[in-house]
Amino acid sequence: MTSCAAAKSQSAPCKMGRKFVVGGNWKMNGTKSQINEILSFLKTGPLNSNTEVIIGVPAVYLDYVQSNSPANVHVAAQNCYKAEKGAFTGETSPAMLKDIGVNWVILGHSERRQIFGESDELVADKVAFALSSGLKVIACIGETLDEREAGKTEAVVFRQTQAIANKIKDWSNVVIAYEPVWAIGTGKTATPAQAQEVHKSLRDWFAKNISKEVADSIRIQYGGSVTGANCQELGSQPDIDGFLVGGASLKPEFVNIVNARQ
Ligand SMILES: O=C(CO)COP(=O)(O)O
């Protein structure tokens, strides 16, 4: 029996020691009153203490949520820039996030890449700068439908990951979020087998190109139309270490997704 299988049969919280990690990416959603409702269901939970929970909050509400969220929920920004301060109108620096107690940032989301034109290189620079500033990073990668249909899924996610690997050495504060673009906000979830296949390929890529240690320890989330209904089967795949959840993270079912693995 592999150690993963052994862990599962004992209902252990971790796969190869990897703690399950569920992120909620609120995107550009929420008003103060909606946020209070979300904070209220997060407080009520109960949230599985074996799962690390991170909520990705719009910049304007970060300070408020950081001050009002339960202690077992971490707060993440949805973006930050690759400089400490200066003439970068509209941007937020890692130092500013640290200053208000925010320790996580989501970088390279496909919406940033596609709508705001962020290149692999810019994403990698941001990841490297955020890490060097002491933030933890959820780094998003994933292929479009055209790329999948052209058989380029692996090439795309490896290219996106290699761009980051060119700029960082220490992966211990990085979580990878594999989010196939065609599954984001579409209701078309990758099947557990499709997601597992890419997660396994990514882990093999890490073993080959970085190290066996990083391959075994890095957590790879799946994102794309995750719901309370499909989270258990996805979460039971051996190389899926959690989720990055969009729409459903605004709803009470997020608690069920956090608790997908017992
Ligand atoms: O983009 C996502 C999370 O970052 C996924 O969004 P949905 O869960 O709404 O598909």
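Start at the ligand: 14 residues surround it, and the closest are Asn25, Ile184, Gly223, Gly246 and Gly247. Here a residue is near a molecule if its C-beta atom, placed from the backbone, lies within 6 Å of it. Colour that shell by class and you get five nonpolar, eight polar and one charged residues. In this scheme Ala, Val, Leu, Ile, Met, Phe, Trp, Tyr, Cys and Pro count as nonpolar, Asp, Glu, Lys and Arg as charged, and the others, Gly among them, as polar.

A quick word on what you're looking at. This is a predicted model, where local features need pLDDT of at least 70, side-chain atom pairs count only at pLDDT 80 or more, and totals for chains, interfaces and linings use all residues. Residues are numbered from 1 along each chain as its sequence is written.

Now colour by pLDDT, the predictor's confidence in each residue, from 0 to 100. The protein averages 94, and 95% of the residues score at least 70. Over residues 1–13, though, the pLDDT is below 50. Where pLDDT is low, the predicted coordinates should not be read in detail.

Next, select residues 104–107, strand β5. Strands (E, at least two residues) and helices (H or I, at least four) are DSSP runs, numbered from the N terminus. Which residues of β5 are buried on each side? Trp104 and Ile106 are on one side, Val105 and Leu107 on the other. Buried means that 20 or more other C-beta atoms lie within 10 Å of the residue's own; 12 or fewer is exposed, in between is partly exposed, and C-beta atoms are placed from the backbone.

Strands pair if DSSP finds at least two bridges between them. Val105 is the bridge partner of Ala77. To get from β4 to β5, the chain passes through helix α4 (residues 94–99) in a right-handed β-α-β crossover. That is, with the strands pointing away from you, the path from the first strand over the helix to the second runs clockwise.

Then show strand β6 (residues 136–141), which pairs with β5 in the parallel sense over four bridges. Look for Ile138 opposite Ile106.

Last stop: Ser225, in the loop between β8 (219–223) and α11 (231–235). Its phi is positive, about 55 degrees, although Ser225 is not a glycine. Ser225 counts as buried because 20 other C-beta atoms lie within 10 Å.

How values were computed
Two residues are in contact if their C-beta atoms, placed from the backbone, lie within 7 Å.
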